[in-house]
Amino acid sequence: YFNQVHYKYVEENGKKGVVIYCDEKPWFENYVKAGMAIEDDFKGNSIYVLALSHRWNKLNVYGGSLQTDVEIGTSPYVKTELYQPLYPGSSFFVAPDFQFYRKKVLLRSGDDIVAEYRDQRTVGDFKVGAVLGSYGELRAGYTVGREKFDRYIGDPELQDKSVDVGELFTNFIFDTRDEPDFPTSGQNINVKYKHSAEGLGA
């Protein structure tokens, strides 16, 4: 996150200390990452993905940020999330987001594939949370939306299906990895609990 980090020793009122100066990278406030993945088992099953991620830091004086992830290919995916601390330097935050994905689901009978469905999910989340020290985070929230299962290949008697999504969830994250993409040390623990019921909109 920083181009340079330097320090100097200071003494004031008979007390000694260290002042650290950090020069932030100029591109850190607004940047885009891109990637591509191709997978093929040479049996007619292939997956390809073009991924783009845009992050806008320092969205406001409270330290808000906006991240949008887009994947184009076999399983399209879009997610955009606003991360908003309650006040400058706050450990507490709110984080509403919107998600859309569509993926292939195979219906099997024994070892035979009898149908192929397209699972399409469109939901919105509203979360509140707290940062726990340098490595932890706890979130709780509500998800609402809709999920559709459309038959793409298979017996015409197999029905399409749509369901409403309404659920409460909690999510605990503990991450000590040195790098999020290609870590060489550390651990990542992600525990999530969901509760869905008709009274919640499901």
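The structure is a predicted model, in which local features need pLDDT of at least 70 and side-chain atom pairs count only at pLDDT 80 or more, while totals for chains, interfaces and linings use all residues. Residues are numbered from 1 along each chain as its sequence is written, and side-chain values use heavy atoms, with hydrogens and water left out.

Val 18 belongs to strand E2; strands (E, at least two residues) and helices (H or I, at least four) are DSSP runs numbered from the N terminus. Together with Val 5, Tyr 7, Tyr 9 and Ile 20, Val 18 makes a nonpolar surface patch of about 600 Å². Two or more residues of the nonpolar patch come from each of strand E1 (2-12) and strand E2 (15-24), and E1 gives the most, with three residues. Patches consist of residues with over 30% relative accessible area and no salt bridge, like charges being joined within 9 Å and nonpolar side chains (Val, Leu, Ile, Met, Phe, Trp, Tyr) within 5 Å. Accessible areas follow the Shrake-Rupley method with a 1.4 Å probe, and for residues only the protein chains shown count as cover.

Ser 53, in strand E4 (residues 46-56), counts as buried at 14% relative accessibility. Its side chain and that of Asp 69 are joined by a polar contact of 2.6 Å. A polar contact is a pair of N or O atoms within 3.5 Å; within protein, one must be able to donate a hydrogen and the other to accept it, and residues adjacent in sequence count only if both atoms are side-chain atoms. With neighbours within four places in sequence left aside, Ser 53 is in contact (heavy atoms within 4.5 Å) with Tyr 31, Val 32, Lys 33, Gln 67, Thr 68 and Asp 69.

Side chains of opposite charge can pair when their charged atoms come close. The structure holds 10 salt bridges, each a side-chain nitrogen of Lys or Arg within 4 Å of a carboxyl oxygen of Asp or Glu. One of them joins Glu 81 and Lys 127 (3.3 Å, N to O). This pair links distant parts of the chain, 46 residues apart, with Glu 81 in strand E6 (residues 77-85) and Lys 127 in strand E9 (residues 112-132). Glu 81 is buried at 15% relative accessible area, and Lys 127 is buried at 4%. A salt bridge also joins the side chains of Glu 137 and Arg 139 (2.6 Å, N to O), and both residues are buried. Through shared partners, salt bridges connect Glu 81, Asp 97, Lys 127, Glu 137 and Arg 139 into one network.

Two aromatic pairs are found in the whole structure; rings of Phe, Tyr and Trp (its six-membered ring) pair if their centres lie within 6.5 Å, planes under 30 degrees apart counting as stacked, over 60 as edge-to-face and the rest as tilted. The rings of Tyr 83 and Phe 93 have centres 4.6 Å apart and planes at 35 degrees, so this pair is tilted. Tyr 83 lies in strand E6 and Phe 93 in strand E7 (residues 92-94), so parts 10 residues apart in sequence are tied together. Phe 93 is buried, at 2% relative accessibility. The rings of Tyr 135 and Phe 174 have centres 6.3 Å apart and planes at 65 degrees, so this pair is edge-to-face.

Terms used:
Buried < 20%, exposed > 50% of the residue type's maximum accessible area, 1.4 Å probe, protein only.
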